[in-house]
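Me: I am new to this structure and would like to learn how to read it. Please take me through it one feature at a time.

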Amino acid sequence: MGDLHATAAITLRHLLTHTSGIDGDLFLDTGRGDDCLRRYVEACADLEQTFPVGDSHSYCNSGFVIAGRVVEQLTGRCGTRPCASRSATRSASPTPGHCRRTSCASAPPPATTSTAP
């Protein structure tokens, strides 16, 4: 982003709660592949701040992509792989507080039960 002070101040919480102040309506298809999030985040360099970090709330699509890139950097894995590997280690019955599904296409489908009499 162009505002280096804001870039240094933004946390994952800001990104995930839409309080980063990033003008996040960058609808850019960076394709598929191991570097698609990196390419998208690089394109975010030209985004402006619409308000100071944490001062307000504005829906920000880009914040979630940037957060995904942070996960990539922290885990050393790309795309949905961090999620897929975590999903594969979970038991069939989730413990309280753990999500059963995510947005990962590679996650197993949830178990279904019939409610028919």
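This is a predicted model: local features need pLDDT of at least 70, side-chain atom pairs count only at pLDDT 80 or more; totals for chains, interfaces and linings use all residues.

Reply: Residues are numbered from 1 along each chain as its sequence is written, and side-chain values use heavy atoms, with hydrogens and water left out.

Me: How many helices and strands does the chain have?

Reply: Helices (H or I, at least four residues) and strands (E, at least two) are DSSP runs, numbered from the N terminus. Here there are 5 helices and 0 strands, giving the pattern α-α-α-α-α along the sequence.

Me: At what angle do helix 3 and helix 4 cross?

Reply: Axes are lines fitted to C-alpha atoms, for helices over the stretch in contact, and angles run from 0 to 180 degrees between N-to-C directions. The axes of helix 3 (residues 36-43) and helix 4 (residues 61-75) cross at roughly 130 degrees and come within 9 Å. That makes helix 3 oblique to helix 4; angles under 35 degrees count as roughly parallel, over 145 as roughly antiparallel, 65 to 115 as roughly perpendicular and the rest as oblique.

Me: Which residues make the contact?

Reply: Contact means heavy atoms within 4.5 Å. Helix 3 contributes L37, R38, Y40 and V41, and helix 4 contributes S62, V65, I66, G68, R69 and E72.

Me: What does the side chain of S62 make a polar contact with?

Reply: A polar contact is a pair of N or O atoms within 3.5 Å; within protein, one must be able to donate a hydrogen and the other to accept it, and residues adjacent in sequence count only if both atoms are side-chain atoms. The side chain of S62 has such a contact with the side chain of Y40, at 2.7 Å.

Me: Where is S20 found?

Reply: S20 lies in the loop between helix 2 (12-16) and helix 3. S20 counts as buried because its relative accessibility is 1%. Its side chain reaches the backbone nitrogen of I22 at 3.2 Å. Leaving out residues up to four places away in sequence, S20 touches I10, H14, L15, Q49, F51, V53 and C60.

Conventions: Buried means under 20% relative accessible area, exposed over 50%, partly exposed in between (1.4 Å probe, protein chains only).
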